[in-house]
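Look at the chain below before reading on.

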Amino acid sequence: MYWDIGANVGVYALYAAKRTNVRVLAFEPSPFNYYALCRNVELNQLSESLSAYCLAFNNVSVLDYFNMSTVEIGGALSSFGETTDYWGRQFKPQFSQAMIGFFFFDFVARFNPPFPTHLKIDVDGIEAKIVEGGMKTLADPRLKSVSIELDVKRTAEETHVSDLLGKCGLMLQQRKHSDLIAGSE
């Protein structure tokens, strides 16, 4: 079971469902990206292996807003419950959509979804909140791998997330810098 938190339009989720025959749960709070994600599931005939949900995860269950830096399909760099971007700077949202945010463990306890053996988190700035909300799940030995996109320039947050994962019994196996953004620093 693969969970994709911050699925965007579903590139990783679709790949996992189509190429590895792994059951996938994908979570994407942007209504514009969620539409494209669902359309991609339909076009690839993956509705039996990939389930998409339009919701956010957090360290508390709450009704709040998903603050979007863009309304373009495939857009990123938005944030749930705050107007701080990926780099820790304040931004003025282009659009704010009312959204339900779940305390990660509350979601698991309440709905009892298939438990993730592999987990990807790519949420552009609130990774620490999601990890804080998911500590019990992250500490479960059924979880085999976690991939989190973090900005190495935000060293305090990277250290905090690494410390939280360490408390769950997880350890860094690899740090990779995308070749796509290597020249953009």
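## Ground rules

This is a predicted model; local features need pLDDT of at least 70, side-chain atom pairs count only at pLDDT 80 or more, and totals for chains, interfaces and linings use all residues. Residues are numbered from 1 along each chain as its sequence is written, and side-chain values use heavy atoms, with hydrogens and water left out.

Helices (H or I, at least four residues) and strands (E, at least two) are DSSP runs, numbered from the N terminus. Two strands pair if DSSP finds at least two bridges between them.

Start with strand E2, residues 24-27. Both of its faces are covered. Val24 and Ala26 are buried on one side, Leu25 and Phe27 on the other. Buried means under 20% relative accessible area, exposed means over 50%, and partly exposed lies in between (1.4 Å probe, protein chains only).

E1 and E2 run parallel, joined by 4 bridges. Ile5 has Phe27 in E2 as its bridge partner. Between these strands the chain passes through H1, and this β-α-β crossover is right-handed. Right-handed has a set meaning: with the strands pointing away from the viewer, the path from the first strand over the helix to the second runs clockwise.

E2 also pairs with strand E3 (residues 50-53), in the parallel sense and over 4 bridges. Here Phe27 stands opposite Tyr53.

## The loop residue Asn8

Asn8 sits in the loop between strand E1 (2-5) and helix H1 (11-19). Its side chain reaches the backbone oxygen of Gly75 at 3.2 Å. That is a polar contact: a pair of N or O atoms within 3.5 Å; within protein, one must be able to donate a hydrogen and the other to accept it, and residues adjacent in sequence count only if both atoms are side-chain atoms.

Asn8 also touches Glu28, Asn33, Leu37, Gly74 and Ala76, among others, not counting residues up to four places away in sequence. Contact means heavy atoms within 4.5 Å.

## A mixed sheet

4 strands form an open sheet in the order E4-E7-E5-E6, with mixed pairing. Strand E4 (56-58) and strand E6 (79-80) stand at the edges, each with a single partner strand, so one side of each has no neighbour in the sheet.

E4 and strand E7 (residues 95-103) run parallel, joined by 3 bridges. Ala56 is paired with Gly101 in E7. Strand E5 (residues 62-68) runs antiparallel to E7, with 7 bridges. Tyr65 has Ala98 in E7 as its bridge partner. E5 also pairs with E6, antiparallel, over 2 bridges.

## Helix H3

H3 lies across E4 and E7, at about 65 degrees to E7. Axes are lines fitted to C-alpha atoms, for helices over the stretch in contact, and angles run from 0 to 180 degrees between N-to-C directions. In H3 (residues 104-111), Phe104, Asp106, Phe107 and Val108 are buried. Asn112 follows H3, and its phi is positive, near 45 degrees.

## Cysteines

How many disulfides does a search of the whole structure find? It finds 0; a disulfide is a pair of cysteine sulfur atoms within 2.5 Å. For Cys54, the nearest cysteine sulfur is that of Cys38, 7.9 Å away.

Cys54 counts as partly exposed, at 31% relative accessibility. Cys168 counts as buried, at 8%.
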